[in-house]
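Biologist: I would like to go through the charged side chains of this structure. Please show it first.

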Amino acid sequence: MHFLPFEERQAQRLSFELQAHIDRLVPNPNAMEEIPYTLIEASAHCDGPCGVYDPASARIAGEAVQSMTKKMLALEYPQVFSSESMATYMNTMSRYAAIKEEEAQKCKHELLVLWTDFFKPMHLETLPELHETFWNAAKLCSACKVEVSAQHAQELMDAIEEIHNMFWSVKGREVPWIRAS
Amino acid sequence: MSAVRVRISGDSMWPTFPDGTEFELRPLVLNQPSIGDIVLVKHPFHSELQIVKRIHSIENEMVFLVGDNPDPMASDDSHNFGKIHREQILGICIPTE
């Protein structure tokens with residue numbers, strides 16, 4: 001009796017396994033008659049689930065920054081000077097500042113996650129301005145932290161809107177830019 | 001065995017093989033696979049999923065698979081699920097063009 005070498009037996013076995021695997025994928029070979037070959041789909045996807053990113057989280061944080069900035073600029077100095085009026089004024093102002101600081105940092109984090117995790121090198125082919133847009137948006141987060149600037153808060157929202165449009169163009173979907181406030 | 005083609009969905013093999021690339025699938029023959037080969041494998045953690053990756057290294061029958069995409073987040077491969085045994089390879093993928 002002739003025995004095949006181990007390597008050849010292994011190759012033969014793998015060939016059978018491959019055919020069995022394909023048979024399981026294509027239960028009705030007759031349906032493929034017009035195609036000269038059997039086509040199977042394989043995944044070449046990313047590490048994390050591709051669909052869990054959304055620029056909405058950056059937009060919400062950005063809106064909070066803009067809202068707090070407006071509130072700080074609109075807050076009037078107490079008409080009656082007293083310990084109590086100063087305490088409530090400073091408490092309100094410092095709460096606005098604290099929220100602005102926190103939300104600006106959160107916004108920057110959300111943007112950086114999109115920039116470094118969601119967007120991939122191939123996206124630069126269709127979005128050559130991608131890096132500069134994110135760089136500017138992150139810098140605007142910093143500006144909104146250190147300043148009380150309505151102009152920079154609006155520019156941050158404009159940058160987030162631009163990122164929203166880039167994100168959904170990559171996803172191949174038309175999602176309108178909607179603000180909560 | 002009838003001719004079999006594999007079409008990939010996803011960008012883990014970009015820039016060499018973009019989304020939608022088709023390969024001719026061939027069973028392993030003697031002395032295969034080799035480092036650099038593109039292979040079809042059943043995902044070790046999701047048996048219903050077959051994936052296409054490149055062989056980065058082989059050591060004691062254990063194969064380390066990688067995607068071609070340079071982004072560390074772009075490929076679900078041996079960086080995530082570890083090495084696979086060479087017997088888990090379903091076939092070699094040959095680019096059709």
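The questions below concern salt bridges and charged residues in this predicted model.

Biologist: How many salt bridges are there over all chains?

Modeller: A pair counts when a side-chain nitrogen of Lys or Arg is within 4 Å of a carboxyl oxygen of Asp or Glu. By this rule the count over all chains is 11.

Biologist: In which helix do Arg59(A) and Glu63(A) both lie?

Modeller: Arg59(A) and Glu63(A) form a salt bridge, with their closest N and O atoms 3.0 Å apart. Both residues are buried. They are four residues apart, about one turn of the helix, and that helix is H2 (residues 56-74) of chain A.

Biologist: Is Lys145(A) buried or exposed?

Modeller: The side chain of Lys145(A) meets that of Glu101(A) in a salt bridge of 3.3 Å, N to O. This pair links distant parts of the chain, Glu101(A) being in helix H3 (residues 83-118) of chain A and Lys145(A) in helix H4 of chain A, 44 residues apart. Buried means under 20% relative accessible area. Lys145(A) has a relative accessible area of 18%, so Lys145(A) is buried.

Biologist: What is the relative accessible area of Glu101(A)?

Modeller: Partly exposed residues fall between the limits of 20% for buried and 50% for exposed. Glu101(A) is partly exposed, because its relative accessible area is 36%.

Biologist: Which residue forms a salt bridge with Asp68(B)?

Modeller: Asp68(B) is in the loop between strand S5 (62-66) and helix H1 (78-81) of chain B, and its partner, 14 residues apart, is in strand S4 (residues 50-59) of chain B. The closest N and O atoms of the pair are 2.7 Å apart, and the partner is Arg54(B).

Biologist: Which residues are linked with Glu41(A) in a network of salt bridges?

Modeller: The network holds residues of chain A and chain B. Linked with Glu41(A) are Arg5(B), Arg7(B) and Glu22(B).

Biologist: Why does Glu132(A) count as exposed?

Modeller: Glu132(A) lies in helix H4 (residues 130-146) of chain A. With Glu129(A), Asp158(A) and Glu162(A), Glu132(A) gathers in a patch of negative charge on the surface. Exposed means over 50% relative accessible area. Glu132(A) therefore counts as exposed, its relative accessibility being 55%.

Conventions: Residues numbered from 1 in each chain as written. Chains lettered and ligands numbered in written order. Predicted model: local features only at pLDDT ≥ 70, side-chain atom pairs only at ≥ 80, totals over all residues. Heavy atoms only, no water. Patch = residues over 30% accessible without salt bridge, like charges linked within 9 Å, V, L, I, M, F, W, Y side chains within 5 Å. Areas by Shrake-Rupley, 256 points an atom, 1.4 Å probe, with all protein chains shown as cover. Lys, Arg positive; Asp, Glu negative; His and termini not counted. Charge placed at Lys NZ, Arg CZ, Asp CG, Glu CD. Helix = DSSP H or I, 4+ residues; strand = E, 2+ residues; numbered from the N terminus. Buried < 20%, exposed > 50% of the residue type's maximum accessible area, 1.4 Å probe, protein only.
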